[in-house]
Amino acid sequence: MVTIHTIQDSQEGARAAAQKVTEILRSHTATPILFLVSGGSTIPMLEEIDESVFGPHVTVVVLDERFSAEIAVNNFLQLKGQPMYEKMKRAGVVFISTVPDMQDSLESFAEKYEKSLKQWK
């Protein structure tokens, strides 16, 4: 069965999504989790997630990434600028960086990213 929710604004939508993510993470505290975070406007939604659900069993990786080391462009760097990033880091969350090194080509960066994902848990 499909349930349709009506959301009044983006803040309410962020809270509702964060509540659902919190419930899911809370129900899997004994399981390694690869938390795939969409970039851009969804990153601030992380602030609404109950930080108590994060721990060393969670690995965060940003999807929809841009091949850039500029803060205004790179989604992982935008995530690092959020207060929740520091809270997750203190809780022991593992992060897979999606920031290219200066010597990276698009191809070498893609290979490193793919290898990081394949080596997860």
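Predicted model: local features only at pLDDT ≥ 70, side-chain atom pairs only at ≥ 80, totals over all residues.
Two residues are in contact when heavy atoms lie within 4.5 Å. H57 sits in the loop between β1 (33–37) and β2 (58–62). Leaving aside residues up to four places away in sequence, H57 touches H28, T29, T31, P32 and I33. Is H57 buried or exposed? Its relative accessible area is 16%. Buried means under 20%, so H57 is buried.

Now turn to the aromatic rings. The structure holds 6 aromatic pairs. One of them joins F35 and F54. F35 belongs to strand β1, while F54 belongs to the loop between β1 and β2. The pair therefore ties together parts that are 19 residues apart in sequence. F35 counts as buried, at 13% relative accessibility. F54 counts as buried too, at 6%.

Next come F76 and F95. Their ring centres lie 6.3 Å apart, with 65 degrees between the planes. Planes over 60 degrees apart count as edge-to-face, so this pair is edge-to-face. Where do the two residues lie? F76 is in helix α2 (residues 75–80), and F95 is in strand β3 (residues 94–96). The pair therefore ties together parts that are 19 residues apart in sequence. F76 is buried, with a relative accessible area of 4%. F95 is buried as well, at 19%.

One more group of rings remains. F67, F109 and Y113 form a cluster, linked by ring pairs.

Definitions and conventions
Residues numbered from 1 in each chain as written. Heavy atoms only, no water. Helix = DSSP H or I, 4+ residues; strand = E, 2+ residues; numbered from the N terminus. Buried < 20%, exposed > 50% of the residue type's maximum accessible area, 1.4 Å probe, protein only. Phe/Tyr/Trp six-rings, centres within 6.5 Å; stacked < 30°, edge-to-face > 60°.
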